[in-house]
Amino acid sequence: MDQTTVIAAGGTASDKDHVPAEAKGKGQGRTMERTAFAEKVLHNARGWILPIVVLAVWQWVGQAGLVSPTLLPTPVAIGESFVELTLSGELLGHLQVSTTRAALGFLAGGGAGLLLGLLVGFWRKAEAALDPSLQMLRTIPHLAVAPLFILWFGFGELSKVLLIAKGAFFPLYIQTFLGIRSVDAKLIEVARVLEFSRTKMITKLIIPAALPHILLGVRLSLGISWLGLVVAELMGSSEGVGYMIVDARQFSLTSIVFVGILIFAVVGKVTDSLVRYLETKLLKWRDSYKG
Amino acid sequence: MTSAGLLQIASLTKTFQQPQGEMRVLDHIDLQVEPGEFVTIIGPSGCGKSTLLKIIAGLDTGYSGTVLLGRKKIERPSIKQGVIFQEHRLFPWMTVEQNIAADLSLKDPDVRKRVAQLIETVRLQGFEKAYPRELSGGMAQRVAIARALLRKPDILLLDEPFAALDAFTRQHLQEVLLDIWRENGTTMMLVTHELDEAVYLANRVVIMSPRPGRISRIIPVDLPYPRARASASFQAIRQTVMREFEHKGEW
């Protein structure tokens, strides 16, 4: 009798140990999944809190009649203008003109910046000959040269594209130059030991090593292209998002001014996100602090 | 210089110009290394052992005396002198197999085959597509060794290659290196400041003393491989090497 109780007791003890452990494991897994999901939602939601509060207060201030709608139209009024402009096709037309200008300016200026950055980065003689002059030009603000550009190239597309190009040139130039010059000397030594040819030295070592800098240059250049675009279109034009803003301001259609500003912000953010996506794809080898 | 040594160094002298005047880092070094030999160089810091290796690698050319590899003067770095540095120095944007191939194309079937073989040699199967940041220090150093071996060097120069690794990894890599040496017969020249490592690996231990850097003694190690560190004969040689430093009072 003694023996059976011992066995029975042993049996139940091991059962007890077993079953709850498994159940506990499963339960934990599920809750962990759930909390991970909830945390992700919460993390994303955190970014929305501030804008929503601001919009709500803004709407209330407008509706309560505390501020004149010509000074500060309500978010709803801005939304209505946006829908109206989109449906009439007006907005898309302006946007097309503006993006074309920005893209052309960026390609011309950024491309030149990249090429000269490579030239100056690789070739010390080019650095001595070009860099001082380019650094001098860099500090000249858009607004100072805009009148000259109009005087030289007229009110047409050329002066606008050139103004944008001037802005887009410098970040890519500086970052490319810097990227090439900050390649680890220890890796250069390895390339010498492995007898890399000059071409391989550039394609397999220097360009990949400089790529993080170059992509940062692309991001900064794109951002400046948008800023240059605004200056160019505000200086005088008959189409484009900038023109839409100037035109609306003259007729005190403040909600359209806001739509224009929002469009600049959204398109700027979208292009920036594209480059950042490119960064995560091309620089996945990087091992750096992610916050 | 009648012997047909693979590496012939005769009255090699190297001085650094410093504000206080000239400093002689290497003073009349004479050394011959035969093909297939495993030579370790040991000495306290500042004895010029790394400088000596740099000169053989062709990375430092400002010296007097002669340094010949296969009867040819060493004037620049080349794939004939494979170099392993203290840090792995892999290209961070390349995977393991890309790093081993480096400037060669993995699309070439011959390169592909040899890279695969070397990955097996250094026991890194399954990590072909890993990036350096995903590797441990020991694994990364093995990739660096494979990268040098792919070029079939006449001599592999290793500058304190395991100094940054923990004791277990270091011993493991010593075995890997000995396996490679036995299988391929690659001549090895390894600089270290670890007594055990120097005696465990070498046919000959070259002992250097500092200010100015000189070879104070060369001790042959006539023990069969694999060696037992605890054996009396191993300990006896270790004692001999150690006594050399005690005399100088430099360790």
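Buried area is the accessible area (1.4 Å probe) that two parts lose on being put together, summed over both. The model is predicted, so local features need pLDDT of at least 70 and side-chain atom pairs pLDDT 80 or more, while totals for chains, interfaces and linings use all residues. Residues are numbered from 1 along each chain as its sequence is written, chains are lettered from A and ligands numbered from 1 in the order written, and side-chain values use heavy atoms, without hydrogens and water.

Select chain B, where a domain assignment (automatic or from a database) gives domain 1 (7-80 + 153-248) and domain 2 (90-152). Between these domains about 1,200 Å² is buried, 73% of it from carbon and sulfur atoms.

Next, display Asp179(B) and Arg123(B), whose side chains form a salt bridge at 2.6 Å, N to O. The term denotes a side-chain nitrogen of Lys or Arg within 4 Å of a carboxyl oxygen of Asp or Glu. The rule finds one such bridge across this domain interface.

Move to Arg204(B) and Glu37(B), a salt bridge with its closest N and O atoms 2.5 Å apart. Arg204(B) lies in strand E9 (residues 204-209) and Glu37(B) in the loop between strands E2 (21-33) and E3 (38-42), so the pair ties together parts 167 residues apart in sequence. Strands (E, at least two residues) and helices (H or I, at least four) are DSSP runs, numbered from the N terminus.

Finally, select Lys186(A), Glu189(A), Lys54(B), Glu87(B) and Arg89(B), which a network of salt bridges links.
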